Amino acid sequence: MSESSTAAPLSGRAYFVSGGGSGIGLACAARLVADGAAVAICGRGEGRLESAARRIAAAARGGGSVRTVVADVTVEADVQRAVAVALEATGRLDGCIANAGGGGVPGPYHAQDPAEFLRVLHLNLLGTMLCVKHAVRPMIAAGGGSFIGMSSITGVLSHPYFGAYPVAKAGVEAMMRNAADEYGRFKVRFNAIRPGFIETEMMESIPRDSAAYRSYLDNTPLGDVGQPEDVANLARFLLGDEARWITGQCIGVDGGHSLRRGPDFSAVAEMIHGREVLEGVMS
């Protein structure tokens with residue numbers, strides 16, 4: 001194998017990453033561009049996207065490049081437009097990482113606000129579905145491809161007070177399994193990644209000296225938190241030819257956390273809602 005072929009194994013390929021302006025999405029895009037791919041990232045903030053693009057471009061080699069598009073994954077026209085931007089580089093789409101997502105305000109189900117519950121479902125679940133809807137046709141046209149839905153350890157392990165988030169992530173996993181079955185005949189693969197506690201902006205709100213943070217470490221056999229690059233390395237594998245026989249799977253990147261139990265967010269929920277709300281359901 002020549003040096004050029006090993007230097008840029010994804011040269012000539014194009015990918016779309018939603019939520020690529022920070023955290024896991026940024027790390028995934030950077031990993032792909034470093035292997036020579038043309039990547040389009042989307043997010044809702046133009047400034048954050050441009051900053052991310054500069055960081056990603058700095059790692060580019062072998063013809064790798066990055067494009068940005070401001071888009072809200074819960075708006076179908078935005079997703080359609082973002083996928084079109086991803087196609088501009090090579091005229092094809094080889095893969096997609098539906099990474100955009102987020103949680104809500106911690107609290108028990110009897111205190112959940114329906115509008116907030118639906119917002120979280122739309123962001124994580126509807127957003128993923130719209131990425132599937134608009135990415136699958138160009139991947140079929142390319143002769144096949146690989147789609148990754150970003151799940152979470154919450155989708156398989158009980159996380160009390162996380163509201164709609166575990167529900168949405170379990171739905172993402174179900175969607176990936178069904179899509180793998182539906183589109184396998186077109187050589188399009190669908191898999192989900194289940195990150196555990198990854199050091200991203202979403203987790204910065206958890207004080208490092210809190211019981212919630214300590215409970216993450218206590219329930220993680222490797223005794224630490226993961227980095228966005230840990231997830232990006234698995235995403236890169238699943239998008240590449242090395243994973244050609246892997247579809248319909250949900251793979252954890254959690255330091256072994258899924259072997260134990262979810263974190264203790266009772267103090268956080270009590271601080272937000274009050275003890276009387278948490279215990280009032282029993283009265």
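Start by selecting Glu-173: at 4% relative accessibility this residue counts as buried (buried is under 20% relative accessible area, exposed over 50%, partly exposed in between, with a 1.4 Å probe and protein chains only). The model is predicted, so local features need pLDDT of at least 70 and side-chain atom pairs pLDDT 80 or more, while totals for chains, interfaces and linings use all residues. Residues are numbered from 1 along each chain as its sequence is written, and side-chain values use heavy atoms, leaving out hydrogens and water.

**Salt bridges**

Arg-194 sits in strand 6 and Glu-173 in helix 6, 21 residues apart, so the pair links distant parts of the chain (helices, H or I, of at least four residues and strands, E, of at least two are DSSP runs, numbered from the N terminus). Arg-194 is buried too, at 19%.

Next, pick Asp-35 and Arg-31. Their closest N and O atoms are 3.0 Å apart, in another salt bridge. Asp-35 is buried at 7%. Arg-31 is partly exposed at 29%. The whole structure holds 12 salt bridges.

**Two helices**

Select residues 23-34, helix 2, and 46-58, helix 3. They pack at about 35°, with axes 8 Å apart (axes are lines fitted to C-alpha atoms over the stretch in contact, and angles run from 0 to 180 degrees between N-to-C directions). Which residues make the contact? Helix 2 gives Leu-26, Ala-29, Ala-30 and Val-33; helix 3 gives Ala-52, Arg-55 and Ile-56 (contact means heavy atoms within 4.5 Å).

**Positive phi**

Most residues other than glycine have a negative phi. Go to Tyr-161, in the loop between strand 5 (145-150) and helix 6 (164-183). Tyr-161 is not a glycine, yet its phi is positive, about 75°. Tyr-161 is partly exposed at 25%.

Move on to Lys-187, in the loop between helix 6 and strand 6 (188-195). Its phi is also positive, near 65°. Is Lys-187 buried or exposed? It is exposed, at 61%.

**Last stop**

Select Val-105, in the loop between strand 4 (95-98) and helix 5 (114-141). Val-105 is partly exposed, at 47%.

Conventions:
Salt bridge = Lys/Arg side-chain N within 4 Å of Asp/Glu carboxyl O.
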